[in-house]
Amino acid sequence: MKILACNSNRPLSEAIADHLSLPLTRADLKRFSDQEIWCEIQENVRGEDVFVIQSTSFPANDHLMELLVVLDALRRGSARRITAVLPYFGYARQDRKSGPRTPISAKLVANLITVAGADRVLTMDLHAGQIQGFFDIPLDNLFASPVLTSDIRNKFEGQKLVIVSPDVGGVARARSVAKRLDAELAIIDKRRPQAGVSEVMHVIGDVKDAACILVDDIVDSAGTLCNAATALKERGAASVAAYVSHGVLSGPAVERIANSPMTEVVTTDSIKASEAVRGCSKIRQLPIAPLMAEAIRRISEEKSVSVLFD
């Protein structure tokens, strides 16, 4: 087994390699003056089981192209099996036609990864479960919930806890977390007048005097979470925090979170934290390297991955 790290999240790749007690495979990833990507794998990979770690986070197009170039280099180097490990799968929010003459970009990216040479994909908390069907190769979708719920349990032990879904689409995810914690469930009824903008309409459930935990898969501009937190506080919540799998945190997200009534936003380190994120006292990252490393080990040894979430 070989572990190869691209450039989107080097600290996570190194942590995964440490958990597996393996060195990262030596590779040279460079750019020409026009930013064209060039790659050379500096170790023999013939007949090897290779795992390529790359989150397709900002800049999403550059990191996606980097992944494709590396996959092609490994395929042409006669690797026996190539697994694309995407802790964060970008373009996942474009999983259906949202209007006339619009793309299904998640399917396009799935095709690109497959054609480039991946034999299977390992990812975490896909935005929509049906994306698994966009791939014509095996895909393992891990869940961050064990990592998140463990932290929630330690931090909020003894408090009246309500798990809140920030929209109707995330109810199944929030219900799963609430079940693990034996907590109540509430739902935010929102509408989107336009892309990237959300408005809270109703709060379904009793949140008065409760420690409310917003649970979501992606926090991007943080508008939804901040609006939801305000609505929960207006309805008598004792405190509001958010636990999110992927901290995209683009644009005004960090400023919004800093000025919001939320006590904390906790994400995994599937996406490398920017300087602004590291400088915000209200944002904290949880490590997923142990989870990803164990999944990689199990895939390499042809063992069950689903037992990690039993």
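Asp182 is exposed, at 73% relative accessibility; exposed means over 50% relative accessible area, buried under 20%, and partly exposed in between (1.4 Å probe, protein chains only). Asp182 sits in the loop between α5 (171-181) and β9 (184-194). Helices (H or I, at least four residues) and strands (E, at least two) are DSSP runs, numbered from the N terminus. The phi of Asp182 is positive, about 55 degrees, although this residue is not a glycine.

Glu302, also not a glycine, has a positive phi of about 60 degrees. Glu302 belongs to the segment after α9 and is exposed at 59% relative accessibility.

## Basis of the model

The model is predicted: local features need pLDDT of at least 70, side-chain atom pairs count only at pLDDT 80 or more, and totals for chains, interfaces and linings use all residues. Residues are numbered from 1 along each chain as its sequence is written, and side-chain values use heavy atoms, with hydrogens and water left out.

## Nonpolar cores

A nonpolar core is a set of buried Ala, Val, Leu, Ile, Met, Phe, Trp, Tyr and Cys residues joined through side-chain atoms within 4.5 Å. The largest one has 41 residues, and Ile16, Leu142, Leu161, Ile163 and Ile213 have the most contacts inside it. Helix α9 (residues 289-300) supplies the largest share of this core, 7 residues. A second, separate core of 34 residues includes Leu67, Ala84, Ile113 and Leu126.

Beyond four places in sequence, Ile163 touches residues including Ala174, Leu181, Glu184, Ile213 and Val215; contact means heavy atoms within 4.5 Å.

## Two buried residues

Asp140 lies in strand β7 (residues 139-142) and counts as buried because its relative accessibility is 17%. Its side chain makes a polar contact with the side chain of Arg120 (2.7 Å). A polar contact is a pair of N or O atoms within 3.5 Å; within protein, one must be able to donate a hydrogen and the other to accept it, and residues adjacent in sequence count only if both atoms are side-chain atoms.

Val254, in helix α7 (residues 253-258), is buried with a relative accessible area of 15%. Leaving aside neighbours within four places in sequence, Val254 contacts Ala276, Val277, Cys280 and Ile283. Its C-alpha atom is separated by 8.2 Å from that of Ser221, 33 residues apart along the chain.

## A cis peptide bond

Phe58 and Pro59 are joined by a cis peptide bond, with omega about -10 degrees. Pro59 is in the loop between β4 (49-53) and α2 (60-76).
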